[in-house]
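Subject: A structure for you to look at

Hello,

Here is the structure I promised to pass on. Please open it beside this email and follow along as you read.

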Amino acid sequence: MPIAMHEVQLDIVVQLRKPHACGGNAWRVVRLGADIGVRCEQCQHRILMPRSDFERRVTVILARPSLNPGSVPQNQDV
Ligand SMILES: [Zn+2]
């Protein structure tokens with residue numbers, strides 16, 4: 001698995017395996033839940049996908065929010 005679910009937080013920016021139709025490949029996480037909501041950083045299009053799809057499609061975390069880096073849980077399986 002390229003990404004651990006405990007790393008998935010609001011406002012991280014991830015790259016997905018397939019670029020969006022607009023050509024962008026950076027997606028910001030805007031909703032957490034049973035489905036993960038992501039927004040294309042290039043065209044602002046929003047999509048929802050099940051967590052299992054999200055885990056499969058993320059290749060790398062491009063950016064994490066720099067606020068409160070110490071608050072990231074290190075050993076928590078969500
Ligand atoms: Zn797009």
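Which residues make up the largest nonpolar core? Before we get there, two notes on reading the model. It is a predicted model, in which local features need pLDDT of at least 70 and side-chain atom pairs count only at pLDDT 80 or more, while totals for chains, interfaces and linings use all residues. Residues are numbered from 1 along each chain as its sequence is written.

Now the core: its 9 residues are Val 14, Leu 16, Trp 27, Val 29, Ile 36, Val 38, Cys 40, Phe 54 and Val 58. E3 gives the largest share, 3 residues, and E1, E2 and E3 each supply at least two. A nonpolar core here is a set of buried Ala, Val, Leu, Ile, Met, Phe, Trp, Tyr and Cys residues joined through C-beta atoms within 7 Å. A residue is called buried if 20 or more other C-beta atoms lie within 10 Å of its own, exposed if 12 or fewer, and partly exposed in between, with C-beta atoms placed from the backbone. Of the 78 residues in the protein chain, 12% are buried.

Next, the overall layout. The protein chain has 1 helix and 5 strands, and along the sequence they follow the pattern β-β-β-β-α-β. Both are DSSP runs numbered from the N terminus: helices are H or I with at least four residues, strands are E with at least two.

How are the strands arranged? The 5 strands form an open sheet in the order E4-E3-E2-E1-E5, with antiparallel pairing. Strand E4 (46-50) and strand E5 (58-63) are the edge strands, each pairing on one side only. Two strands pair if DSSP finds at least two bridges between them.

You can trace the pairs one by one:

- E1 (residues 13-16) and E2 (residues 26-31) are antiparallel over 3 bridges, and Val 13 has Arg 28 in E2 as its bridge partner.
- E2 and E3 (residues 35-40) run antiparallel and are joined by 4 bridges; they form a hairpin with 3 residues between them, and Arg 31 stands opposite Gly 37 in E3.
- E3 and E4 pair in the antiparallel sense over 5 bridges, and Arg 39 has Arg 46 in E4 as its bridge partner.

Finally, have a look at Val 29, one of the core residues. Leaving out residues up to four places away in sequence, Val 29 touches Val 8, Gln 9, Leu 10, Asp 11, Ile 12, Val 14, Ile 36 and Val 38. Touching means being in contact: the two C-beta atoms, placed from the backbone, lie within 7 Å.

Enjoy exploring!
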